[in-house]
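This report walks through selected parts of a protein model, one region at a time. Please keep the structure in view while reading, and look for each residue as it comes up.

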Amino acid sequence: MARQARVKSATGIYHVMLKGLDGRNIFLDDADRSIFMEKLNKAREIGGFELYAYCLMDNHVHLLIKEGEELGTSIKRMTVGYVQLHNNKYGRTGHLFQNRFNSEAVEDDLYLMTVVRYIHCNPIKAGIASCLEEYPWSSYHQIRLAYQGKATSLDSGIIKDYFPTEADFIRFSEEENQDECLDNRSKTRWTDERLTDLLSQNPEYRNLGELSVDKRNQLIRQIQQETGGSIRQLSRVLGLGKMMVERAVK
């Protein structure tokens, strides 16, 4: 089953979401978030991408970046080192992030600002903050500092060009909105019936028990990446044990 090609951005700007494998938390405390920010800033320094906005949630990360080196290379730079440290700290092994990150091309200034607002509003929509100022792990505070002439780790010029004053930026950020960006668009749930129908189109999935372990695991990982199906759902639809599926996708 071929992967859908990633949509290339004419501007080089992408809204990226990194998700924990099978919904697991990727940050268990603020020290974890600090380490991830160190890896992010180091990847930015080496890879030459521009960082416009970010938000670190418990089980996913939003980034708004302009590509320097190839996007996937930059994402790998920031995640591989973090996963190693995370696994050592918590005595675990294997993958932490979903193998394929989600991204959408951002092609115009208005949508770029919408994505900025959407990213910053994530903690409010998740019910863990009542206002933008309450959440310390987004770029909202840094953008406001940039308006005040203070140094930050962001490339905030594009935002300051769009909103001439800090008050303009705050007003836009706090506007009631129905913004729908990357993760809302990707939350379409695959029913068991739809997933079964998809798998029926590939005869290899009807004979998983006859394949080598490596080939079987490859196919399980492939369908998980294509559909975002949970381990429990894949186990049910494929007729395999939950532990077998879990080992395949880790």
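Which backbone nitrogen does the side chain of aspartate 32 reach? The answer is the backbone nitrogen of leucine 28, which the side chain of aspartate 32 reaches at 2.8 Å. As with everything described below, this value is computed from a predicted model.

Aspartate 32 belongs to helix α1, and its relative accessibility is 2%. Since buried means under 20% relative accessible area, aspartate 32 counts as buried. Besides reaching the backbone nitrogen of leucine 28, the side chain of aspartate 32 makes a polar contact of 2.8 Å with the side chain of lysine 89.

Asparagine 41 is also found in helix α1, but its relative accessibility is 27%, so it counts as partly exposed. Between the C-alpha atoms of asparagine 41 and leucine 51, which are ten residues apart along the chain, the separation is 9.0 Å. With a relative accessible area of 38%, aspartate 22 is partly exposed.

## Strand β1

Two residues of strand β1 can be considered here. Histidine 15 lies in this strand and is buried, with a relative accessible area of 0%. Its side chain takes part in a polar contact of 2.9 Å with the side chain of histidine 62, and in another, of 2.8 Å, with the side chain of glutamate 104.

Methionine 17 also has its place in strand β1, and at 3% relative accessibility methionine 17 counts as buried.

## Helix α3

Helix α3 covers residues 109–125, a run of 17 residues, and from its first C-alpha to its last it reaches 23 Å, which is close to the 24 Å expected at 1.5 Å a residue. Even so, α3 has a kink of about 30 degrees at isoleucine 119, shortly before proline 123. Of the 17 residues of α3, 13 are buried, so this helix is largely enclosed by the rest of the structure.

At the N-terminal end, α3 is capped by aspartate 108, which has a side-chain oxygen 3.2 Å from the backbone nitrogen of leucine 110. Leucine 110 is itself found in α3, and it is exposed, with a relative accessible area of 51%; the cut-off for exposed is over 50%. Although leucine 110 and isoleucine 75 are 35 residues apart along the chain, their C-alpha atoms are separated by 25 Å. Just after α3, glycine 127 takes a positive phi of about 80 degrees.

## How helices pack against one another

Two packed helices are described by the angle between their axes and the distance between the axes. For α3 and helix α6 (residues 166–174), the angle is about 65 degrees and the axes are 9 Å apart. These two helices are therefore roughly perpendicular to each other, because angles of 65 to 115 degrees count as roughly perpendicular. The crossing in which α3 passes α6 is right-handed.

With helix α11 (residues 242–249), α10 (residues 231–238) crosses at roughly 120 degrees, the axes coming within 9 Å. In this packing, too, the helices α10 and α11 are oblique to each other, and α10 passes α11 in a right-handed crossing.

Key: Residues are numbered from 1 along each chain as its sequence is written. This is a predicted model: local features need pLDDT of at least 70, side-chain atom pairs count only at pLDDT 80 or more; totals for chains, interfaces and linings use all residues. Side-chain values use heavy atoms; hydrogens and water are left out. Helices (H or I, at least four residues) and strands (E, at least two) are DSSP runs, numbered from the N terminus. The expected span of a helix is 1.5 Å times one less than its number of residues. The bend at a residue is the angle between axes fitted to the seven residues ending there and the seven starting there. Buried means under 20% relative accessible area, exposed over 50%, partly exposed in between (1.4 Å probe, protein chains only). A polar contact is a pair of N or O atoms within 3.5 Å; within protein, one must be able to donate a hydrogen and the other to accept it, and residues adjacent in sequence count only if both atoms are side-chain atoms. Axes are lines fitted to C-alpha atoms, for helices over the stretch in contact, and angles run from 0 to 180 degrees between N-to-C directions. Angles under 35 degrees count as roughly parallel, over 145 as roughly antiparallel, 65 to 115 as roughly perpendicular and the rest as oblique. A crossing is left-handed if the near helix is turned anticlockwise from the far one by less than a right angle, and right-handed if clockwise.
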